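Please have the sequence and the 3D view side by side as you read.

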Amino acid sequence: CSRVLPLGAGEALPTALMGPEECMPAARALEMGLATCDERWWRIEVPRAHPVVECIEQVSMWGFEATRYHDQVNLAHRLAQCRDQGRRIYWLFYLTHVGNDKLLTPQSVGYYYFVCVPLPCGTDAVGYYLASFTQELAAGSAIVDLWGRPELKYSTSHCRPDHILLPPRIASLDVNSTREVGGHVFFSSLSTESKIRPLAGNQHAIFVAEQRLPPALSKAEARLRGSEQGVAVVFASSWRLTNATATSIVRHLVRPLNASVFAVLSGPSSADAAEETMALQSAFGTSLRDVRWEADLSQDELRRALNASGSLPMYTAMAGRGSVFSPVVGTGANLPSLRKLELAADLLASHERTRGRRFRWVVFSRLDMEWVADHPKLSLLAPDHIWIPHTAQNEVKNVGRRPGVLAGEFVGNTPDWHATMPRPLADAFMRRWGAIVTGAVAMQPDHQPEDLLAAHLRLLGVPVGRFPALAGLVECVSSWTCTFEGWRRKHHPSVRWRNVADFKEVQRYAARLRDGRYAFARAPKARCRA
């Protein structure tokens, strides 16, 4: 009993390995100074109510699920399913290396798994036991979905009543990982054959991060109360407005909807933004209710905001080519845009409190979009959906080839340039910044902003309706800060839009809508058609 370390019910497992059964398999990690061995103790015992014991008991009895990352729509469904079963979700990043700057990136990761585990399973249980077991289960297998029931043998303590002697751990915690990469990197002690090059001899490195998710909206939260009235059009972006886009927005969006206009913007030409504010007032007149100018956060400030929840390493390990976390990772300004959208939600809510009632519909749009026909009448749009415009290129339908996705279901792109939202669902779209900084947003490798939006709405249980696009992003003018230089090039002498294919498609029905030969009508399956 003198060689057994007792822990309390709320104590984390020690980082040091103990006894020959834990230290000998991790010899290489110990030699490299990546782990420590405390020779005073041989085993660990904990009260029966300790979370690690509860986790081991439940996975030994019922097993757990592991899914190798493959498809974002199926993934969102699996994440929601695990959450709704009252379980926890962890991402397992099987690493090939860590950069000199100690930043985890997709280039650091050989492959990704996420595991759905019983609620008591915390980072200790997943890292010291289940991550290595998942690696062994997956070794040499091309199967995407795995189910495992590890034989983790534990016994009742002979030293203390109501205590359990834990099985030897099959991984060691990198003693430097919390300080260097901001998270928990475990070295598997199993000598499993793997395509992933070990970091330390036969020690395979696994970064373990919990995936927190927002709860789904209740029916009461998603339902209009009946007291809402009016329409608000919201802009949240850097300054991008021309006379042509302003005229089209007023003619085809603000005026047909009889909307009040709100804006949170950045990037004015002077500190007081007098010129830009005057341009907005000239364009929107009395429809302009409030405008706020906001300086964008620096990269360091954004990084600190993302790291407040401890989720930054998980975000950077998944960011890839995607611009979800730009400019912290990748090219673009998606994070500042989402932050301004959150501030716009605050601005709108403040106005509603002063006004004494909420708007019935909220429309988010962009100042650099040119409209060519009137927005559909809101009476045609079901008030329990968020409505997104679509063109042929982003209406990608599954034909039954992807597992777990219904035939005909939209996969991939849910464009985030414009959204027409019943007020109870507007925060689901507008408050993604808050979900990101609290770590409660569905992530997957190489996420694009449109993918993040689709997964976030699906996890919140918000259905998406579609109507034919009536506007497109115009090419960048010299005074704007644009992410991609290709947006500045003139692709077609008579087309101002960035995407010529979109322009040609929309023009085929826009002229007929303008002269009355076409009209919108509600169609089945959350569609509104011309």
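Helices (H or I, at least four residues) and strands (E, at least two) are DSSP runs, numbered from the N terminus. With that in hand, note that this is a predicted model.

A273 sits in the loop between β15 and α9 (274–284). Its phi is near 55 degrees, a positive value in a residue other than glycine. N258 also has a positive phi, of about 50 degrees, although N258 is not a glycine. You will find N258 in the loop between α8 (243–257) and β15 (260–266).

Are these residues buried or exposed? A273 has 1% relative accessibility, so it counts as buried, the cut-off being under 20%. N258 has 66% relative accessibility and therefore counts as exposed, the cut-off being over 50%.

| Residue | Phi | Relative accessibility |
|---|---|---|
| N258 | about 50 degrees | 66% |
| A273 | near 55 degrees | 1% |

Next comes a peptide bond to look at. The bond from S326 to P327 is cis, with omega near 5 degrees. P327 belongs to the loop between α11 (312–319) and α12 (334–355).

Finally, we turn to a pair of strands. Strand β19 (residues 386–390) runs parallel to β21, and 5 bridges join the two. Within this pairing, I388 has R466 in β21 as its bridge partner. Why is β21 described as largely enclosed by the rest of the structure? Because 4 of the 5 residues of this strand (residues 464–468) are buried.

Conventions
Residues numbered from 1 in each chain as written. Predicted model: local features only at pLDDT ≥ 70, side-chain atom pairs only at ≥ 80, totals over all residues. Heavy atoms only, no water. Buried < 20%, exposed > 50% of the residue type's maximum accessible area, 1.4 Å probe, protein only. Pairing = 2+ DSSP bridges.
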